[in-house]
Amino acid sequence: MFLKRDEELRNLNSFLEADVKTAAMIYGIRQIGKSSLILQAIQGRDDVLYFECLDSTVEENLAQLSRKARIQLGLPPLAADDIISFFEGLSSFNRPFTIILDEYQYLKRNLHTGNMDSYMQSIIDSLKGSRMKIILSGSYVTDMKELLEKDNPLFNRFSLIIHLKEMDYFDASAFYPALSPYDKIAFYGVFGGSPNALSLLDADLSLEENIKALLLTESAPLRFYVEYILFMELRKAQAANAVMDALGNAKFRFSEIRERIMGVEEKNLNRQLRILLDMEAVEKVAPINAKDDKRKTFYTITNNLVRFYYAYIFSYRDELRRLGPDTFYRMYIAPSIGTFISYRAEAIARSYFIRKARQDKLGDVLDIGTYWYDDREERKNGEFDCVIRRRDSYDIYEVKYLKDRLTIKTMNEEIAKIKAIEGLNVGRIGFIAASGFESALPDTEQITGEDLYDIKS
């Protein structure tokens, strides 16, 4: 099932149809939809050689590549001692071929002598003025990012670069369009925006039933996806599981992570976090009013599904095995699943405003994020969930993921808290409530769950 990715598909089709463009690069974590995007773009084209590189020797890859060329392009057998001679053989036919090397990182990693990126640079440079194109795609993000670095031979060689990421809450909802906004938020909060995960959901079943079937049973496909496929690259980071387990559903400063992981030196933890950031397994976040303050810089897991796995399953696999899905869900997940999803609802609210800003529907806005405050009177600090920074003020939105409608009493209490913060120049105060509102409240903006999903792509 291919849904959304409209802009990426449009850009890839433009590349394929252009006369002067010769090389493109597509990358993103495993199972994020790269191959599906490529296959959708080349559907109906008879001048394309699509090859998924093997985690094997370059010689074996060349042999299989030659076989694919014979089958997909109708060519006679191509005898090639190396990747350059293979492309020279293809060029001799003077036909408008497009060659797609998916999972290119395997060619990079399994070449024992020489530099595959240098060979690929030579190939791409030789294609200029020819009728051939090449697309390199890969799932090991750190390996693929190397191709974009200034000292890499392939630097500045790509006419098109697509960094494929998770779908946001709005695009993900195309996989379960009939659900209520409250349930759409819940499904996205747990399963995230990976097309692979979304395609396995059964929208006729409840959130609980989907969690049990896809994550808690012995043969749960999404648990296998997280443990064995999605982050094979995590092996590079020795303390990866410890860091991810420490983060769970929260966000922590560096010092807090170090306190939660016993026996990891500061220097080593720094290195592990850098690797996880490069892999896009973890992201670094800071309030929009304190971006340069290291004391207010936090780390959090990027992917909702992976976050759920580490929050509820990773450290409790033995208990899950002994108790079974039903009892485990009731005892370990049900008591806090609402809180888990509410944190994700805050991120959804920010995504909503980001979409509106990109459509130029927010007016003069400088940034969107969270806002850190220090309440001296109450001797505490905290963050506002969703904030729009304007030139001279901040629009403050409180996000409530509740089954019932948000009451006037609760809204007035939140307004009082906002107005009590010293030095905060408030522009607009608003509320985002998944299930709507008890009634209107003057001088506030009220955004319902329906509104979140009633926005153009």
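Visitor: Why is strand β3 (residues 98–102) described as largely enclosed by the rest of the structure?

Guide: Five of the five residues of β3 are buried, so the strand is largely enclosed by the rest of the structure; buried means under 20% relative accessible area, with exposed over 50% and partly exposed in between (1.4 Å probe, protein chains only). Strands here (E, at least two residues) and helices (H or I, at least four) are DSSP runs, numbered from the N terminus. This is a predicted model, in which local features need pLDDT of at least 70 and side-chain atom pairs count only at pLDDT 80 or more, while totals for chains, interfaces and linings use all residues. Residues are numbered from 1 along each chain as its sequence is written, and side-chain values use heavy atoms, with hydrogens and water left out.

Visitor: Which residues of β3 lie on each side?

Guide: Thr98, Ile100 and Asp102 are on one side and Ile99 and Leu101 on the other, and all are buried, leaving both faces covered.

Visitor: What is the order of the strands in the sheet?

Guide: Two strands pair if DSSP finds at least two bridges between them, and here five strands form an open sheet in the order β2-β3-β4-β1-β5, with parallel pairing. Because β2 and β5 (160–163) stand at the edges with a single partner strand each, one side of each is left without a neighbour in the sheet. From one strand to the next, the twist averages 10°.

Visitor: How many bridges join β3 to β2 and to β4?

Guide: Strand β2 (residues 48–52) is joined to β3 by five bridges, with valine 48 opposite threonine 98, whereas four bridges join β3 to strand β4 (residues 133–138), where lysine 133 is the bridge partner of threonine 98. Further along the sheet, strand β1 (residues 23–27) pairs with β4 over five bridges in the parallel sense, and methionine 25 has leucine 136 as its bridge partner in β4.

Visitor: How are two packed helices described?

Guide: They are described by the angle between their axes and the distance between the axes. Axes are lines fitted to C-alpha atoms, for helices over the stretch in contact, and angles run from 0 to 180 degrees between N-to-C directions. The axes of helix α16 (residues 304–313) and helix α18 (residues 337–358) come within 12 Å and cross at roughly 150°. The two helices are therefore roughly antiparallel, a term for angles over 145 degrees, with under 35 roughly parallel, 65 to 115 roughly perpendicular and the rest oblique. The contact (heavy atoms within 4.5 Å) is made by Asn304, Arg307, Phe308, Ala311 and Tyr312 of α16 and Ile337, Phe340 and Arg344 of α18.
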